[in-house]
Amino acid sequence: MRPMVRLLAAVAAMATLGAANPEREFDLPTYTGAYQPQNVDERGMWMVDDESERLTRDSRLVIRDEALNNYVHSVLCRAVGNDRCGGVRIYILRVPVFNANMSPNGTMRVYSGLLLRMRNEAELASILGHEFAHFEMRHSLDEFRRKRSTSDLLAWTAVLGTLAATYGGGSTQSYGDFRISVYGALFRFSRDQEREADILGFSYMAEAKYRPSAASEVWRSAMNEADATSTGRALRGQRYDKTAFFATHPTNLERADYLSALANRVPGGEYEGRNAYQAALAPWLDQFLEDQIKLNDFAGTEYLITRLGAEEWTAPLLLARAELYRLRANPRDLPNAVEFYRQALTLNPDLPTAYRGMGLSLMRMDRKSEATPSLSRYLELKPDALDADMIRSLVAPQ
Amino acid sequence: MLKSLLKPVLLISAAAALTAPAALSANDLIKSGETVAVAKSTLSITPPRDWNKLSARPGKKAETWTLDGEQLNDISFYSDIAPGEPLLRERSKKRDPLPKLRSNSLLTDVPEFLEGTYRAHFGIAVFSLGASKPTKFLNEPAIQFTYEYVTPDELTRRGEAIAVLRSGKLFMITYDAPKLHFFERNIEDYRAVVASAKIA
């Protein structure tokens, strides 16, 4: 079985280099389901992985909304085919970080931060397909073996590190640590493996008739966002590995370029699935946006929201942008916040949060007479709001 | 030969000398009925029962007390937080900046300030603010609010806080404990501490 995979991988790798047989370049290899671990290394990895899956399954971070889970699963099935997706368990984790991964026993973890960043089904399919390709080619095992043969200590440090992270490493863990540690250690891939996964990922996209250029757009935007965060924090040098996804996936601009080149060669379709994607995400969009805004990463979040808004500025996006500006609250941010609240309310006058935010922003700008009607409207729309008493005390003459 | 043997010994004794004072000045007992100034400020507390003061301060102008151990039933005092300052000590000013208090911050902004700080500092994905209501604290109009969050160790914790802005500077006392058992058990101890707060 494994030599077969190797052979196919080698063929695929050759195809990138020389494009020896262009028509067959993106043909899918045959797939055998219900795979069981074959030797001591693999059984060991699976044991750790099964335990890790059990913890993930019981985690309070898992989003158990059936509709959303079914949708993400259906996208994976459409991308990689029904024969492949059947055994995969997907866990959607409420973590505002751009990440997804798939482990050797067939567990796929998709972070809410990833779902927030995707604009359509094709973009999501490209990521899920890419992760599935690592799984199908059993890259993590090869990588584990390679590390183990060079240094057993290193390999076990990686395993123990993953376990420690899974069991929760104390409450002083920041997202910074999260990015690097959570499930990460076992899933670092080499550049060749990335290339193989990219090619297989494109084969899925082609088969499923998704628009292939979506893949390179995702990579590019993720890098732009990392750039924006760095610039916003006045950091020198761009370290893409600070983004969760890149911590386990070595990348650079060259890769985005060859992804574009591959996308041009793939005989894919044009399906984007923008409406289907947005409908599926709609019930969660406000929550995911809120989680992102409160990360205190103004520039990165501004980039992300603007990218999503580039296609269409919807009320939830405008509201999120307004909240982002209000929470940073530099004197120059507050007038902007008020303007975004106003735009959001033009699109949807039934947004209590927007009245609240607009009122509070005006209040902080010492424009109490303008703030009062806005806050009163908030109280009218949401008389039982958790902060109603507090807001009432602002409105009342003092 | 002697030199190479001596080196590690010197290093160890140097390290011991450095760590010794910290070890000696570990956690302090706060005795019931005694008035103590907290968080290096003029805010003073007269607790009706014994508390342990942790030597590790969460921030420059902050202090944490506990009954049974860190993170089980913590009271944290924050005092004199000025505009432009974060609530907790920043892990990295550049890479992991925390929200800052603003000169135009209102009492209604304090819960969001605490939420943003917790989310960023402790890596919390699930955090929800509960009810907030106006109250009096240190003889001034104040805000009292509750919150709930899940820490990376997968425990749900609850919190209650009271805060006041005195000429733009934030004074706040928070109580954080696991929702299971501890929060209810010691919430009244926290409220008693709050009730005893005085400022010079």
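# Reading contacts, cores and sheets

Reader: Leaving aside neighbours within four places in sequence, which residues is A:Ser216 in contact with?

Author: Contact means heavy atoms within 4.5 Å. Leaving aside its neighbours within four places in sequence, A:Ser216 is in contact with A:Ala256, A:Leu259 and A:Ser260. Before we go on, a word on the ground rules. This is a predicted model, where local features need pLDDT of at least 70, side-chain atom pairs count only at pLDDT 80 or more, and totals for chains, interfaces and linings use all residues. Residues are numbered from 1 along each chain as its sequence is written, chains are lettered from A and ligands numbered from 1 in the order in which they are written, and side-chain values use heavy atoms, with hydrogens and water left out.

Reader: Is A:Ser216 buried or exposed?

Author: Buried means under 20% relative accessible area and exposed over 50%, with partly exposed in between (1.4 Å probe, protein chains only). A:Ser216 has 6% relative accessibility, so this residue counts as buried.

Reader: Where is A:Ser216 found, and which backbone oxygen lies 3.1 Å from a polar atom of its side chain?

Author: Helices (H or I, at least four residues) and strands (E, at least two) are DSSP runs, numbered from the N terminus. A:Ser216 belongs to helix H11 of chain A, residues 214-232. The oxygen you ask about is that of A:Ser213.

Reader: Now an arginine, please. Is A:Arg326 buried or exposed?

Author: A:Arg326, in helix H16 (residues 315-328) of chain A, is buried, with a relative accessible area of 1%.

Reader: With which side chain does the side chain of A:Arg326 make a polar contact?

Author: A polar contact is a pair of N or O atoms within 3.5 Å; within protein, one must be able to donate a hydrogen and the other to accept it, and residues adjacent in sequence count only if both atoms are side-chain atoms. For A:Arg326 the partner is the side chain of A:Tyr341, at 2.9 Å. Beyond four places in sequence, A:Arg326 also has contacts in both chains, including A:Arg356, A:Ser361, B:Asp109 and B:Glu112. The C-alpha atoms of A:Arg326 and A:Ser361 are separated by 6.4 Å, although these residues are 35 residues apart along the chain.

Reader: How do I read a nonpolar core? Which residues touch the most other members of the largest one?

Author: In soluble globular proteins, nonpolar side chains tend to be buried together. A nonpolar core is a set of buried Ala, Val, Leu, Ile, Met, Phe, Trp, Tyr and Cys residues joined through side-chain atoms within 4.5 Å. The largest one here has 82 residues, and A:Leu76 and A:Leu115 touch the most other members. Domain 1 (2-265) and domain 2 (313-395) of chain A both contribute residues, so this core lies between them; the domain bounds come from an automatic or database domain assignment. Among the contacts of A:Leu76 beyond four places in sequence are A:Cys85, A:Ile90, A:Met108 and A:Phe132.

Reader: On to sheets. What is the order of the three strands in the open sheet of chain A?

Author: Two strands pair if DSSP finds at least two bridges between them. The order is S1-S3-S2, with mixed pairing. Strand S1 (89-93) and strand S2 (100-102) of chain A are at the edges with a single partner strand each, so one side of each has no neighbour in the sheet. S2(A) and strand S3 (residues 107-111) of chain A run antiparallel, joined by three bridges, and A:Asn101 has A:Arg109 in S3(A) as its bridge partner.

Reader: Which strands does helix H3 of chain A lie across?

Author: For angles, axes are lines fitted to C-alpha atoms, for helices over the stretch in contact, and values run from 0 to 180 degrees between N-to-C directions. Helix H3 (residues 66-80) of chain A lies across S1 and S3 of chain A, at about 125° to S1(A). Helix H6 (residues 121-136) of chain A packs on the sheet too, touching S2 and S3 of chain A, at about 30° to S2(A).

Reader: And chain B: how many helices and strands does its secondary structure come to?

Author: Three helices and 11 strands. Of the 200 residues in chain B, 50% are buried. Eight strands of chain B form an open antiparallel sheet in the order S1-S4-S5-S6-S10-S9-S8-S7. Its edge strands are S1 (28-30) and S7 (126-137) of chain B, each pairing on one side only, and the twist averages 25° from one strand to the next.

Reader: Which helix of chain A packs on that sheet?

Author: Helix H20 (residues 388-395) of chain A does, touching S7 and strand S8 (140-150) of chain B, with its direction at about 45° to that of S7(B). S7(B) and S8(B) are antiparallel partners over 10 bridges. Their hairpin has two residues between the strands, and B:Leu138 takes a positive phi near 55° there.
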